[in-house]
Amino acid sequence: MSHEHYKNLIDTLYECASECIHCEMACLEEQDVKMLERCIRLDMECAETCIYSAKMLSMGTEFSSDIIALCSRICEECAEECEKHSQKMDHCRTCAEICRKCYEECRSMADVNVM
């Protein structure tokens, strides 16, 4: 399938990756970094998965449904973890919002492309 079909999702994936990287770096500056360990790990995993997914969708891979289904799962986990810290940390609130958006777009696109 043509990458144009995924243009909006690709843009959202890159936006999500950028916000996850920002959140990860901001978490590392917080006082209780140990408490944020899972958040930091999920930020890293989510960012890398989003970047990979965007690249693969741009290539028009035949595995797009599988890739975005996995990405949606990781985005959902990252959103849930960041939401736990969102009352105290703006960077986690913002990250949770874009991860939730990315999750929903991936999920929607994966459902559409299931054969």
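The model is predicted: local features need pLDDT of at least 70, side-chain atom pairs count only at pLDDT 80 or more, and totals for chains, interfaces and linings use all residues. Residues are numbered from 1 along each chain as its sequence is written, and side-chain values use heavy atoms, with hydrogens and water left out. Helices H2 and H3 pack at an angle of about 155°. The structure holds zero disulfides.

**Helix pair H2 and H3**

- H2 spans residues 37-59 and H3 spans residues 64-85. Helices are DSSP runs (H or I, at least four residues), numbered from the N terminus.
- The two axes lie 9 Å apart. Axes are lines fitted to C-alpha atoms over the stretch in contact, and angles run from 0 to 180 degrees between N-to-C directions.
- H2 and H3 are therefore roughly antiparallel to each other (angles over 145 degrees).
- Their crossing is left-handed (the near helix is turned anticlockwise from the far one by less than a right angle).
- On the H2 side, the residues that meet H3 include Cys39, Leu42, Cys46, Cys50 and Met56. On the H3 side, those that meet H2 include Ile67, Cys71, Ile74, Cys78 and His85. Contact means heavy atoms within 4.5 Å.
- By class, this contact has 14 nonpolar, four polar and five charged residues. Ala, Val, Leu, Ile, Met, Phe, Trp, Tyr, Cys and Pro count as nonpolar, Asp, Glu, Lys and Arg as charged, and the others, Gly among them, as polar.

**Cysteines**

- A disulfide is a pair of cysteine sulfur atoms within 2.5 Å.
- For Cys23, the closest cysteine sulfur is in Cys92, 3.7 Å away, which is too far for a bond.
- For Cys102, the closest cysteine sulfur is in Cys75, at 3.8 Å, again too far for a bond.
- Cys23 is buried, with a relative accessible area of 0%. Buried means under 20% relative accessible area (1.4 Å probe, protein chains only).
- Cys102 is buried too, with a relative accessible area of 0%.

**Ile40 in H2**

- Ile40 belongs to helix H2. Its relative accessible area is 9%, so Ile40 is buried.
- Not counting residues up to four places away in sequence, Ile40 touches Glu24, Cys27, Leu28 and Val33.
- Ile40 and His85 are 45 residues apart along the chain, and their C-alpha atoms are separated by 12 Å.

**Ser64 in H3**

- Ser64 sits in helix H3. Its relative accessible area is 7%, so Ser64 is buried.
- Leaving aside neighbours within four places in sequence, Ser64 is in contact with Tyr6 and Leu57.

Technical notes. Helix = DSSP H or I, 4+ residues; strand = E, 2+ residues; numbered from the N terminus. Parallel < 35°, antiparallel > 145°, perpendicular 65-115°, else oblique. Buried < 20%, exposed > 50% of the residue type's maximum accessible area, 1.4 Å probe, protein only.
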